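Please open the model in your viewer and keep the selection panel at hand. The stops below say what to select next and what to look for there.

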Amino acid sequence: MSPEHEPFMRQAMTLAERARDEGEVPVGAIVVRDGAVLGRGSNRPIRTSDPTAHAEVVALREAAAVARNYRLVGATLYVTIEPCLMCVGALVHARVATVVFGADDPKAGAVRSLLDPAALPLNHRFAVVAGVLGEECGALVRDFFRARRE
């Protein structure tokens with residue numbers, strides 16, 4: 001794991017904590033290009049009644065607005081948990097260069113747990129860096145669901 005990813009993942013974790021505090025599944029994401037944060041997002045499908053309001057999509061929308069372009073060529077998305085299939089589709093369409101995630105999602109992860117996008121005949125592929133602060137990111141989600149069950 002490269003230490004240059006940790007500061008950005010910590011920012012994503014702060015956003016995940018915000019989502020948790022608002023009653024959402026604790027996932028946070030940021031989009032970075034050339035060292036600058038272009039977009040930030042935390043999960044908000046419950047409070048917005050929007051099934052597409054995953055942290056990754058929220059961050060991509062903000063980044064695209066800042067960049068004034070829906071193509072985010074050269075950008076890196078940092079997200080606390082492995083992206084789902086919907087988010088992988090958005091990442092492909094946005095032409096994100098790299099996805100850095102913390103914890104695997106064995107039930108819905110579509111970057112390596114359930115699916116390998118590189119094996120699909122997609123018109124864009126992105127690099128993947130997995131496990132950055134993975135234990136801490138995974139604990140956010142585990143603790144959230146443990147508290148809900150109690």
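Throughout this tour, buried means under 20% relative accessible area, exposed means over 50%, and partly exposed lies in between, with a 1.4 Å probe and protein chains only. The model is a predicted one, in which local features need pLDDT of at least 70 and side-chain atom pairs count only at pLDDT 80 or more, while totals for chains, interfaces and linings use all residues. Residues are numbered from 1 along each chain as its sequence is written, and side-chain values use heavy atoms, with hydrogens and water left out. Helices (H or I, at least four residues) and strands (E, at least two) are DSSP runs, numbered from the N terminus.

**The sheet**

Select the five strands, which form an open sheet of mixed pairing in the order S2-S1-S3-S4-S5; two strands pair here if DSSP finds at least two bridges between them. Strand S2 (36-42) and strand S5 (127-130) stand at the edges with a single partner strand each, so one side of each has no neighbour in the sheet. On average, neighbouring strands are turned by 15° against each other, direction ignored; axes are lines fitted to C-alpha atoms, for helices over the stretch in contact, and angles run from 0 to 180 degrees between N-to-C directions.

Next select strand S3 (residues 76-81), where six of the six residues are buried, so this strand is largely enclosed by the rest of the structure. With strand S1 (residues 28-33), S3 pairs in the antiparallel sense over four bridges, and valine 32 stands opposite threonine 76 in S3. With strand S4 (residues 98-103), S3 runs parallel and is joined by five bridges; leucine 77 stands opposite valine 99 in S4. From S3 the chain crosses through helix H4 (residues 85-94) to S4 in a right-handed β-α-β crossover, right-handed meaning that, with the strands pointing away from the viewer, the path from the first strand over the helix to the second runs clockwise.

S4 and S5 also run parallel, joined by four bridges, and threonine 98 stands opposite alanine 127 in S5.

Select helix H1 (residues 6-21) with helix H5 (residues 134-149), whose axes come within 10 Å and cross at roughly 5°. H1 and H5 are therefore roughly parallel to each other, a term that covers angles under 35 degrees, whereas over 145 counts as roughly antiparallel, 65 to 115 as roughly perpendicular and the rest as oblique.

**The cores**

A nonpolar core is a set of buried Ala, Val, Leu, Ile, Met, Phe, Trp, Tyr and Cys residues joined through side-chain atoms within 4.5 Å. In the largest one, of 24 residues, Val31, Leu60, Leu72, Leu77, Leu91 and Val96 touch the most other members. Apart from this core lies another, of 15 residues, including Met9, Met13, Ile30 and Val132.

**Two loop residues**

Which loop holds serine 49? Serine 49 lies between helix H2 (45-48) and H3, has a positive phi near 50° without being a glycine, and is exposed, with a relative accessible area of 66%. Finish at leucine 133, in the loop between S5 and H5: its phi is also positive, about 55°, but leucine 133 is buried, at 9% relative accessible area.
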